[in-house]
Amino acid sequence: MDSAISDARTPASAPARTPLGAAADNGLKIVVVGGFGVGKTTMVRSVSEIRPLNTEETMTQAGEAVDDISEVRGKSATTVAFDFGRISLDARNVLYLFGAPGQERFWFLWDRLFSGTLGAVVLVDTRRIDDSWYAIDRLEHHGTPFIVACNDFGGPEHPPEAVREALDLDPRVPLVSCDARSRESSKQVLITLVEHLQAHYAGPAARPRQEFA
């Protein structure tokens with residue numbers, strides 16, 4: 001997977017987006033977080049049932065002095081605030097998805113994005129695994145349950161045990177592989193997160209059905 005996927009528009013073959021209807025009984029806030037160029041915008045776009053809101057701006061030469069783009073050559077736009085999408089679990093429960101900006105200069109926004117968050121997906125590029133540490137540290141600091149999803153960029157595969165060791169992951173944190181461009185793959189990531197949250201919160205009111213449109 002090319003790192004430029006964060007700039008790809010929704011393909012013509014993608015399912016039609018449904019309009020935003022009346023508010024559901026339970027709006028569950030989820031954050032997709034990770035390093036610069038790991039595919040957060042792409043994941044929100046691929047899975048959202050509405051046309052996603054994004055705050056992407058074109059990258060310029062001036063930005064190269066601030067953001068390290070050596071590992072994301074070909075990336076032409078970047079998120080400067082957050083991405084937003086929505087997916088229904090059922091008639092009463094909706095996930096609201098927020099994609100956090102990855103550059104260090106925007107990390108000050110993360111604490112506000114994490115406020116009221118039910119859980120999070122940490123998206124990882126295993127070629128740049130060090131970029132994931134800050135996201136995990138901040139989520140642990142906030143006490144926010146999360147899972148880790150390794151986005152497929154077409155490089156060599158790494159055994160799950162090696163990724164866990166590199167990230168110093170708690171054995172209770174789910175670790176999955178995904179292709180952020182694929183709606184089905186991104187849905188499976190969210191299903192894994194919802195199942196993890198069910199176990200974490202262990203309360204009937206926090207157990208949305210695992211059904212996706």
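**Exercise 1. Contact range and overall fold**

*Solution.* 

Step 1. The secondary structure consists of five helices and eight strands.

Step 2. The chain has 213 residues, of which 52% count as buried. Its accessible surface comes to about 10,600 Å², and carbon and sulfur atoms contribute 51% of that area.

**Exercise 2. Confidence**

Identify where pLDDT stays under 50, and state what average the chain reaches.

*Solution.* 

Step 1. The average pLDDT of the chain is 76, and 67% of the residues score at least 70.

Step 2. Residues 1-22 stay under 50, and for this stretch the model has 55 contacts beyond four places in sequence. The pLDDT is also below 50 over residues 204-209, a stretch with eleven contacts in the model beyond near neighbours in sequence.

Step 3. Where pLDDT is low, the predicted coordinates should not be read in detail.

**Exercise 3. The nonpolar cores**

Describe the largest nonpolar core: how many residues it has, and which of them have the most contacts inside it.

*Solution.* 

Step 1. The largest nonpolar core has 24 residues; the most contacts inside it belong to Val33, Val122, Phe146, Val148, Leu167 and Leu169.

Step 2. At least two residues of this core come from each of strand S1 (26-34), helix H2 (110-114), strand S6 (119-124), helix H3 (133-142), strand S7 (146-151) and helix H4 (160-167).

Step 3. Beyond its neighbours within four places in sequence, leucine 167 is in contact with Val124, Ile129, Ser132, Trp133, Ile136 and Val148.

Step 4. Another core, of 23 residues, lies apart from the largest one; among its members are Val44, Leu89, Val176 and Ala180.

**Exercise 4. An aromatic cluster**

Classify the pair formed by phenylalanine 84 and tyrosine 96 from its ring geometry, and name the residues of the aromatic cluster.

*Solution.* 

Step 1. The count comes to two aromatic pairs. In the pair of phenylalanine 84 and tyrosine 96, the ring centres are 6.0 Å apart and the planes stand at 15°, so the pair is stacked.

Step 2. The pair links distant parts of the chain, with phenylalanine 84 in strand S4 (residues 83-88) and tyrosine 96 in strand S5 (residues 93-99), twelve residues apart.

Step 3. Tyrosine 96 has a relative accessible area of 22%, so it is partly exposed.

Step 4. Phe84, Tyr96 and Phe98 form one aromatic cluster. The charged end of lysine 29 sits over the ring of phenylalanine 98, at 5.1 Å from the ring centre.

**Exercise 5. Two glycines and an aspartate**

Determine whether glycine 119, glycine 37 and aspartate 168 are buried or exposed, and locate each in the chain.

*Solution.* 

Step 1. Glycine 119 is found in strand S6. Its relative accessibility is 0%, so glycine 119 counts as buried. Leaving aside neighbours within four places in sequence, glycine 119 is in contact with Lys29, Ile30, Val31, Thr144, Pro145, Leu193 and Leu197.

Step 2. Glycine 37 is placed in the loop between S1 and H1. At 3% relative accessibility, glycine 37 counts as buried. Its C-alpha atom is separated by 9.1 Å from that of proline 101, 64 residues apart along the chain.

Step 3. Aspartate 168 lies in the loop between H4 and strand S8 (175-178). With 65% relative accessibility, aspartate 168 counts as exposed. Phi of aspartate 168 is near 55°, a positive value in a residue other than glycine.

How values were computed: Residues numbered from 1 in each chain as written. Predicted model: local features only at pLDDT ≥ 70, side-chain atom pairs only at ≥ 80, totals over all residues. Heavy atoms only, no water. Helix = DSSP H or I, 4+ residues; strand = E, 2+ residues; numbered from the N terminus. Buried < 20%, exposed > 50% of the residue type's maximum accessible area, 1.4 Å probe, protein only. Areas by Shrake-Rupley, 256 points an atom, 1.4 Å probe, with all protein chains shown as cover. Core = buried A, V, L, I, M, F, W, Y, C linked by side-chain atoms within 4.5 Å. Contact = heavy atoms within 4.5 Å. pLDDT = per-residue confidence, 0-100. Phe/Tyr/Trp six-rings, centres within 6.5 Å; stacked < 30°, edge-to-face > 60°. Lys NZ or Arg CZ within 6 Å of the ring centre and 35° of its normal.
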